[in-house]
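The sequence and structure come first.

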Amino acid sequence: MGYVCELGTGQSIYLENQGAQTVVTLISSGPGQQQQASSSFTTGVWTLPPQVFQTPHGLVLKVISEQGERSLQIQGTSVSILGEMPSVIDSQQLTVHEVTSVPVSPLKPMEPMKMEPMKPMNLKMGDMQMNMNPMSMRMGDMELRMGSGSPEASPKSFCSQCGTSVKPEDRFCSNCGHQL
């Protein structure tokens, strides 16, 4: 048996007393995601339901157990024990509901991604020009081509061992003797 306190904007706190431990679970959910972070503190067995207060410095959780009164400070995703209960006179007490388990919001199914084929890309910056189909890059008098180039250009082959230029009919590299 536990308690939940709804903070709004997809955030809530789940509080549970497990033996002498108080477990604080911070739950944050939004479109397509849900996050939980839990912290556990020795407070003793609760004798009364927990109380949650909204203060200017975050949330204060008040737990009354057989060991006495304990206070926990919750700031963002950080939970820590306080030495003494701060004044909550000007604070708003939040509603805490009894629940049987950690509340989990069902996640909405994600929309399928819509993909479109890439459009041909031609980019020109100063004297540099890039094309995507066939892939080529030209800068000044240098040019690099990949893919289906012009039929008159013969493909260059290189030795996979040493990188020396080889002819298509070579069976061995003339530089290192590697079998091609």
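Cys 173 is buried, at 4% relative accessibility. The model is a predicted one. Cys 173 takes part in no disulfide. The nearest cysteine sulfur belongs to Cys 162 and lies 3.7 Å away. The structure as a whole holds zero disulfides. Cys 5 is also buried, with a relative accessible area of 0%.

| Cysteine | Relative accessible area | State |
|---|---|---|
| Cys 5 | 0% | buried |
| Cys 173 | 4% | buried |

Five strands form an open sheet in the order 4-3-2-1-10, and their pairing is antiparallel. Strand 4 (33-42) and strand 10 (97-99) are the edges, each pairing on one side only. On average, neighbouring strands are turned by 25° against each other, direction ignored.

Strand 1 (residues 2-8) and strand 10 run antiparallel and are joined by three bridges. Val 4 has His 97 of strand 10 as its bridge partner.

The largest nonpolar core has 16 residues. Ile 13, Leu 15, Val 24, Val 52, Leu 61, Ile 74 and Val 79 have the most contacts inside it. At least two core residues come from each of strand 1, strand 2 (11-18), strand 3 (21-30), strand 6 (58-65) and strand 7 (68-75). Strand 6 gives the largest share, three residues.

What does Ile 74 contact, leaving aside its neighbours within four places in sequence? Ile 74 is in contact with Ile 13, Val 24, Leu 26, Gly 58, Leu 59 and Val 79.

Technical notes
Residues numbered from 1 in each chain as written. Predicted model: local features only at pLDDT ≥ 70, side-chain atom pairs only at ≥ 80, totals over all residues. Heavy atoms only, no water. Pairing = 2+ DSSP bridges. Helix = DSSP H or I, 4+ residues; strand = E, 2+ residues; numbered from the N terminus. Axes fitted to C-alpha atoms, helices over the stretch in contact; angles between N-to-C directions. Core = buried A, V, L, I, M, F, W, Y, C linked by side-chain atoms within 4.5 Å. Buried < 20%, exposed > 50% of the residue type's maximum accessible area, 1.4 Å probe, protein only. Contact = heavy atoms within 4.5 Å. Disulfide = S-S within 2.5 Å.
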